[in-house]
Amino acid sequence: MLRHALVGLCLLLGCLVAIPAPAADFPTKEVQIIIPWAAGGATDLVFRALAAVTAKQLGKAVVVVNKPGGGGAIGYTEVMQARPDGHTLVTAVTPLTILPHQASTAFTYQNFEPIINVVEDPAMFQVRADSAWKSLAEFLDYAKKNPGMITVGNSGAGGGVHLIALAFEKAAGVKLNHIPFAGGGPSITALLGGHIHAVSCSPPEGIAHVKAGKLRIIALFSEKRMEAFPAVPVVREQGVNFTMGQWRGLAAPKGTPPDVIKKLHDAFKKGMEDPAFVKNAVDMSVHLSYMGPTEFGKVMAADHERYAKLVQEIKKQ
Amino acid sequence: MLESLQYLLTGFGVATTPENLFYCLMGAIVGTLVGILPGLGPIAGIALLIPATFNLNATSAIIMLAGIYYGAMYGGSTTSILINVPGETASVMTCIDGYQMARKGRAGPALAICAIGSFVAGTIAIFGLVFLAPPLADAALAFGPPEFFSLMVFGFVVLSNVTGGSLLKALMMAIVGLIIGTIGIDPVSGDPRFTFASTALLGGIEFVAVAIGLFGIAEVLKNVEQPIEQLEQAVLVPRLRELFPSLRDLKDSLWPILRGTGLGFGIGLVPGPAPVIATYASYMVEKRLAAHPEEFGQGAIQGVAGPESANNAACQSAFIPLFVLGIPFAPPTAILLGAFLIHGVTPGPGLIGEHPELFWGVIASMYVGNFILLLLNLPFVPLFANILRVPKKVLLPLVILFCFTGMYTVNNAVFDIWTMLAFGALGWLMRHWAYEAAPLLLALVLGPKLEVAFRQSLMISHGDFGIFLSRPVSLAFLLATLLFLAMPLARKLFGVGRARADGGAAA
């Protein structure tokens, strides 16, 4: 008898939970941000900090959930199939426009609605402080005379910084030897130990060692010089017309209503301006770079084309 | 050296403020809980609690989060011993002898020795951290891809048949592990391998799913073979005085604990899943050095004391690359790095100089934390040991529930649960035909890393195999591997080495 009552109670509670909520009252429950990578990475840190301050703006909890695997494919596929009511979001980062060219994924950037871009990280090459190449000119000179001899580590084959390194090769007209590592950490370790000549990376990787004088930034691929290192020129200033970085923003599944997107955009924008978050970002050396949905969408489209060409080239090699 | 001691004292001043003691306690409790629940490991625990630390100062935050990491190493052995489900990836070896001890009614001594061994190992390892950190970090940097490859070849060869038994079967299981490890994305070219166009397989097969499946689920399936009445009778209910380790137990465990500490501390410096490998190495060493090696696998306390100490020592030494180089070598320390960054502290060469109160405060809190964990875990030993009194018909479904929930918390993926069940079925079959799970898991862990190191080395050397022989450390490991392989042969040919109780070299 008791057993039946218990089962009945559970069924009743279950029904209550499943009653659909009207869309005008968004958000009606917690908002989930899915991160398609394991906890602890740069994306993870930035968005955990942002989620904490944005909860106030939305009036509901903002929860970060990691769904790693497949270089990001698993997380993106899942959000693509989620209900487009604005309660499930995903961190849209550069690999979103790279992955579809490398493996036959079910998604492309067009399966998502861009909401806002939060961070833009410059990419760079670093070498050891005691390296023989004191400037980019010397580095490129050596590379031209010895094609394929300079080993450049990266955080993963086909990943963001690897492709940036390949694109730089083309722009500078040199040939380098790219060594993949399982993440930014191992690639920096290999550089510190002198096992590779240079590394292609993105802040905060290696920044602590540059500040401590053990590593040097030999090539900086951003538009402007970094505030933390005003003496380091960008490659544009040194004759190579090349800029490339990685963006990190938020997106929702396609079909999310425009007014929900606007609410999310406004809330996260306020979150980005929260002094606590700004301080976190400065501490982590990540470069905040706001972009609204239309602009963010254009950047995604442009990068999708750019990486399509790049990945084709790697596949030919 | 004296200077370090002085700094350490100021660190204790920081660590013993009521606030920091509270956070240390919180970290220890959360860590233990996270370690006990199978699947949920320190990675998830630390990541989940990072937001809770946003309003704390950096020192208190790191004290708490670090506590979760080494706390998990204490708690991980609990389910390994009681229900043969590894609570933590580093507790897999503890299942082997720990569970057998529990079946003989000796769960209490097993749990207690785990706590004691973990405490001793953690404390000694912290001393190592304090006095040897900078030179060890430099030594760790000297390991490049060729050195890793050779080290892993050595580890693979030495540890493949760690549990004894048929070498052929162990090698077969190792190869299965290697094959499973190739599923996913090729680490060098980025192409998918063996994924059969499935997005879920793109991420590869999750190690935790295989571990929980092969040990926990398979054990439940094995239990279910017998009629329930027979099962209930088989449980040996321990008496009160049998709940604590005897003097003999303590004496037997002393050297395994010390050796486990040394091994764990050294191996913890190698990037990757060092605590897991350290436990394998410790088990191997204890088995080789034991007076009665045939007891291993049947409930030898050395097989519990050694690995449990090793994983705690490895966990402490994993902090060295994090603090000194600012580079995380093990996944939980990667999360900790993130926590540092969020609080505006960049670990690395400048850490000790710029934030001495943080560094020494955290180190001192590790001593405090280890002590708190000992006090937390020991009194619970009788409680946990009595969990075995729960009738199997209630306990076994609870075990399954534990496995399911724990597994899901790792990646929030239902696919992992299917994987766990599939390997549970496989594990049951394996038991029937006496195939060991340990070599499979070892190969799953080492295989991908071995492959990456091999290919990276060849890329750096432009295809020249000589790179493995021209670098001294790499050459040393390869020679050690050859020596190890040649030993049984040498014994047969020259009759060298002591005669074993089992009559002949275990080749």
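**Two chains, one chat**

Colleague: Let's start with chain A. What does the domain assignment give for it?

Modeller: Chain A gets domain 1 (30–120 + 245–316) and domain 2 (124–238), with bounds that come from an automatic or database domain assignment. Before we go on, this is a predicted model: local features need pLDDT of at least 70, side-chain atom pairs count only at pLDDT 80 or more, and totals for chains, interfaces and linings use all residues. Residues are numbered from 1 along each chain as its sequence is written, while chains are lettered from A and ligands numbered from 1 in the order in which they are written.

Colleague: Got it. How far apart are the C-alpha centres of domain 1 and domain 2 of chain A?

Modeller: Those centres lie 26 Å apart. The contact between the domains takes 13 residues from domain 1 of chain A and 13 residues from domain 2 of chain A; two residues are in contact if their C-beta atoms, placed from the backbone, lie within 7 Å.

Colleague: Which elements supply at least two residues on the domain 1 side?

Modeller: Helix 4 (95–102), strand 10 (245–253) and helix 11 (293–316) of chain A each do that. Helices (H or I, at least four residues) and strands (E, at least two) are DSSP runs, numbered from the N terminus. By class, that side of domain 1 has eight nonpolar, five polar and no charged residues. Here Ala, Val, Leu, Ile, Met, Phe, Trp, Tyr, Cys and Pro count as nonpolar, Asp, Glu, Lys and Arg as charged, and the others, Gly among them, as polar.

Colleague: Switching topic: how many residues of chain B are in contact with chain A?

Modeller: 44 residues of chain B are in contact with 45 residues of chain A. On the chain B side, helix 3 (42–49), helix 15 (331–342) and helix 20 (438–460) give two or more residues. Helix 15 of chain B has the largest share, six residues. That side of chain B has 30 nonpolar, 14 polar and no charged residues.

Colleague: And what is the secondary structure of chain B?

Modeller: Chain B comes to 22 helices and two strands. Its radius of gyration is 22 Å, close to the 23 Å that the globule rule gives for 507 residues, so chain B is as compact as a globular protein of that length. That radius is taken over C-alpha atoms, and the rule is 2.2 Å times the number of residues to the power 0.38.

Colleague: Last one: how do helix 18 and helix 19 of chain B pack?

Modeller: Helix 18 (residues 392–411) and helix 19 (residues 414–432) of chain B pack at about 135°, with their axes 8 Å apart. That makes helix 18 of chain B oblique to helix 19 of chain B.

Definitions and conventions:
Axes are lines fitted to C-alpha atoms, for helices over the stretch in contact, and angles run from 0 to 180 degrees between N-to-C directions. Angles under 35 degrees count as roughly parallel, over 145 as roughly antiparallel, 65 to 115 as roughly perpendicular and the rest as oblique.
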